[in-house]
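Thanks, everyone, for making the time. I would like to walk you through one model this morning, going strand by strand and then turning to the side chains, so please keep the picture open while I talk.

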Amino acid sequence: MNRNNFIAIYDITPSAKFLYFSESFTDCCGWEPNELIGKSSYMYFHPEDHSALKRFHYANVANQKMSSMISHRFLHKNGSWVPIDTLVSYCYDILVTTTFVLGPESMDHRMRVNSVDEFFICKSDGSLQLSGAWNDKEERMKLTMEDGENWSNIVTNHKPEKRFCLILNRFTDALNIAFASSMIEELTGTPISDAFGKSIFEFIRERDISAFITQIDLTIENNLVIRIRFDWIVNQQQELYQPLEAIASCTDDGVVLVIRQTPNFDLDQQQQQQ
């Protein structure tokens with residue numbers, strides 16, 4: 001079966017080096033993953049897109065974006081350029097992406113554009129076009145984009161929010177965990193070795209399972225990017241749970257979750273401070 005999407009993981013350095021590709025990457029772009037791992041991604045992005053992509057990459061790291069998508073071009077091994085949509089989620093010390101080889105007029109593309117926090121297009125003149133944003137203020141986004149390559153500012157002031165990534169087997173009803181990033185243990189108390197291969201439902205509070213299934217089905221069937229909230233079981237006997245929220249997306253190679261603690265805001269305290 002010829003697949004048109006894949007999962008990729010990048011580092012958060014200025015060169016955005018490749019760390020991981022799922023197996024469908026070869027179907028999409030011709031390369032074997034081990035041919036590109038450890039190399040700068042810009043070696044395989046269209047030269048006309050470099051300026052826009054560098055600004056986009058900086059903004060994702062600086063603002064720790066949960067779901068930001070961009071349309072650009074990737075070099076196929078045969079020398080052609082593959083138009084792709086890349087959905088990026090900042091995940092503590094990595095960028096987790098789901099990538100789709102789809103034309104801009106496809107319904108799947110439109111569904112994703114309408115469900116991500118923000119969507120950008122690399123223009124042929126090297127500029128970066130913002131085509132939609134749900135959450136961020138335009139002034140703040142413009143400021144970060146203009147900051148461009150001030151990576152020394154990130155090194156000095158960056159305080160990464162703790163997040164972890166899960167990749168789930170979409171072809172099993174149990175949604176078994178095929179990958180977990182290192183921060184899972186610090187946020188939930190669950191070691192990677194205890195999570196790997198287990199059903200995700202072994203870790204979700206029973207009352208949240210039905211809603212979780214419904215939302216995951218939506219992202220699998222309709223190519224939507226979904227925000228999910230649920231409680232992670234820390235200690236079942238003591239009824240200890242960790243409230244979490246996740247951005248979920250899906251490729252043929254699995255369901256991808258980038259997860260953080262649910263933000264807590266004391267509204268009364270905020271009003272008193274104001």
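Predicted model: local features only at pLDDT ≥ 70, side-chain atom pairs only at ≥ 80, totals over all residues.

Residues are numbered from 1 along each chain as its sequence is written, and side-chain values use heavy atoms, with hydrogens and water left out.

That opening pair belongs to β3 (residues 68-75) and β6 (residues 118-122), which run parallel and are joined by 4 bridges; two strands are said to pair if DSSP finds at least two bridges between them. Strand β3 is also joined to β4 (residues 81-91), this time antiparallel and through 8 bridges, and there R73 stands opposite P83. These two strands make a hairpin with 5 residues between them, and G79 in the turn has a positive phi of about 100°. As for burial, which I take as under 20% relative accessible area, with exposed being over 50% and partly exposed in between, using a 1.4 Å probe and protein chains only, 7 of the 8 residues of β3 are buried.

From β4 the chain goes on to β5 through another hairpin, with 2 residues between the strands and with Y92 in the turn at a positive phi of about 65°. The pairing of β4 and β5 is antiparallel over 7 bridges, and L87 has T98 in β5 as its bridge partner. Strand β1 (residues 5-11) is likewise joined to β5 by 7 bridges in an antiparallel arrangement, with A8 opposite T97.

Which way do the side chains of β5 point, and are they buried or exposed? I94, V96, T98 and F100 point one way and L95, T97 and T99 the other way, and all are buried, in keeping with the count of 7 buried residues out of 7 for β5 (residues 94-100).

Let me turn to the aromatic rings. Rings of Phe, Tyr and Trp (its six-membered ring) pair if their centres lie within 6.5 Å, and planes under 30 degrees apart count as stacked, over 60 as edge-to-face and the rest as tilted. By this rule the count comes to 17 aromatic pairs. One of them is the tilted pair of F18 and Y44, at 6.0 Å centre to centre with 50° between the planes. It links distant parts of the chain, as F18 is in strand β2 (residues 18-21) and Y44 is in the loop between α2 (33-36) and α3 (50-63), 26 residues apart. Both F18 and Y44 are buried, and both belong to one aromatic cluster whose members include F6, W31, Y42 and F74.

Two rings carry a charge over them, by the criterion that NZ of Lys or CZ of Arg is within 6 Å of the ring centre and within 35 degrees of the ring normal. K54 has its charged end over Y42, 5.6 Å from the ring centre, and R112 lies over the face of F100 at 3.8 Å from the ring centre.

How many disulfides does the model have? The count is 0, a disulfide being a pair of cysteine sulfur atoms within 2.5 Å. For C28, the closest cysteine sulfur is in C29 at 5.7 Å, which is too far for a bond. C28 is buried, with a relative accessible area of 8%, and C250 counts as buried too, at 6%.

To finish with the totals, the protein has 10 helices and 12 strands, and 50% of its 274 residues are buried.
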